[in-house]
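This report examines a single protein chain for a reader new to structural description. Please keep the sequence and the model in view while reading.

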Amino acid sequence: MLTRNPHLARLKSRYLFSEIGRRRREFADAHPGVRVISLGIGDTTEPLVAPIVAAVRERAAAMGTREGYAGYGDEQGLTALRQKIAEVVYRGQVAPEEVFVSDGCKCDIGRLQLLFGPAAHLAVQDPSYPAYVDSAVITGMTGDLIEARGQFAGITYLPCHADNGFFPVLEAIPHRSLVYFCSPNNPTGAVATRAQLTQLVTAVRERRGVLVFDAAYSAFIRDEGLPRSIYEIPGAREVAIETSSFSKPAGFTGVRLGWTVVPRDLRYEDGAAVHDDFNRIVTTVFNGASVFAQAAGLAALGPDGLAATRRQIDHYMGNARLIRETLEQAGFKVFGGVNAPYLWARIPGKTSWEAFDELLYQAHVVATPGSGFGPAGEGYLRFSAFAHREDVEEAIGRLRRVFAKPGS
Ligand code: PL4
């Protein structure tokens, strides 16, 4: 028999969102007939917008003809889509050849780890989207989990809390680190300013590291003064990879489409282009995004698609406002939910999982426990704005009842 990958054995518990699903199912089995509302996993709920549906239908019809049928495509994605992303999302700040279309940002987060291998040192915001740390553990970049600290040995955790405006102390980043940074942030909802991202790029450059910038929620930024891409920051092309997604901006988490930009200016220590290696990885372990998903992506970036998906984002941001108001009225300190679809609420006197259970069992509402994103998330709950409006209205009614202060 083969032995197990020893790095996998380090992952003691389930992936966060699998554990939430398990607890929700356990509750549902024990309480048949109770309707649970999810403000937990950030998963889009509204129907695909008409221009996207039309494009997928058209592509499906074409695939049923000799002339329109397409087999394997370029692993890097359709040329037209790479051009569209470069033009519409980046306004020419990146070249089409630097864009690698993928089946989602999470999948690219895993593939990116292959670039730097197990010897790389990881620095992450704490709290952060768990895929960064977990995929680094699987790659062998870390030591064991230090249970008492809830941290893996060999990773630098950069605490992001209310006192530092959820922006880490950059001096703590070790030299030659692979730094993951997400803005608008999952889970805190914080959005880094231009000045902060400039400091970040400078810090990573001075330390001769590489920045992986996760911009999966950039479409939720409505404040014109806030940067939507790391490439708006001078010098970023030499230090940063940007990974992003159609999942949330186009409202199709299930369609599966994302992309990663690896600029040609990003070099390893020996001067070789990181771009060429990512191209090698993608052509070796990925076979290109589905033709239907890419047709959907092209439609999402057309004028009608952009207008329709903007209205959909407005809907989710309306949810965020309602949830934020409710939690604030209940006396909680709440962050995020503006220029970001996540709200980060401090729950005093309870651990995150205690607060999660209380909410599930008393209000039948699912949130995400902050500690699942890293030790600095302890004592917080994350609320997602991805839901139907009537579910949000029902959920906030339940939250009001559960959190009603005595005498109020
Ligand atoms: C649950 C910062 C959600 N099963 O859809 P993708 O792969 O293009 O993007 C995934 C992704 C990438 N980067 C960030 C994200 O927050 C997400 C999606 N996160 C959440 O609730 O935190 C969905 C989680 C899903 C998962 O594990 O990704």
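The model is predicted, so local features need pLDDT of at least 70 and side-chain atom pairs count only at pLDDT 80 or more, whereas totals for chains, interfaces and linings use all residues. Residues are numbered from 1 along each chain as its sequence is written, and side-chain values use heavy atoms, with hydrogens and water left out.

**Two domains**

The chain is divided into domain 1 (6-48 + 305-402) and domain 2 (51-302); these bounds come from an automatic or database domain assignment. Taken over C-alpha atoms, the centres of domain 1 and domain 2 are separated by 24 Å. In the interface, 40 residues of domain 1 are in contact with 54 residues of domain 2, where contact means heavy atoms within 4.5 Å. The area buried between the two domains is about 3,700 Å², and carbon and sulfur atoms give 63% of it. On the side of domain 1, Arg10, Leu48 and Asn339 lose the most area to domain 2, together 19% of what that side buries. Buried area is the accessible area (1.4 Å probe) that two parts lose on being put together, summed over both.

**Helix H2**

Helices are DSSP runs of H or I with at least four residues, strands are runs of E with at least two, and both are numbered from the N terminus. Helix H2 comprises 14 residues (residues 50-63), which at 1.5 Å a residue should span 20 Å; the end C-alpha atoms are 20 Å apart, in agreement. The expected span is 1.5 Å times one less than the number of residues.

Which residues of H2 are buried? They are Ile52, Ala55 and Met63. Seen down the axis of H2, these buried residues fall within an arc of 75°, so they line one face of the helix. The arc is that of the directions from the helix axis to the C-beta atoms. The cover over the buried residues of H2 includes helix H8 (291-300) and helix H9 (303-329). On the face turned away from the buried side, H2 carries the exposed residues Ala50, Arg57, Glu58 and Ala61. Buried means under 20% relative accessible area, exposed over 50%, and partly exposed in between (1.4 Å probe, protein chains only).

**Salt bridges**

Side chains of opposite charge can pair when their charged atoms come close. A salt bridge is a side-chain nitrogen of Lys or Arg within 4 Å of a carboxyl oxygen of Asp or Glu. The structure holds 20 salt bridges, and two are found across the interface of domain 1 and domain 2.

| Salt bridge | Closest N and O atoms |
|---|---|
| Arg10 and Asp144 | 2.8 Å |
| Arg264 and Asp276 | 3.3 Å |
| Arg398 and Glu394 | 2.9 Å |

Arg23 and Glu19 are four residues apart in helix H1 (residues 16-30), and therefore about one helical turn separates them. Glu19 is buried, at a relative accessible area of 12%. A network of salt bridges links Arg14, Glu19, Arg22, Arg23, Glu26 and Asp357.

Arg398 and Glu394 are likewise four residues apart, in helix H11 (residues 389-403), about one helical turn from each other. Arg398 is buried, at 11% relative accessible area, while Glu394 is partly exposed, at 33%.

Arg264 forms a salt bridge with Asp276. Arg264 lies in the loop between strand S10 (258-261) and helix H7 (274-285) and Asp276 lies in helix H7, so the pair ties together parts that are twelve residues apart in sequence. Arg264 is partly exposed, at 37% relative accessible area, and Asp276 is partly exposed, at 41%.
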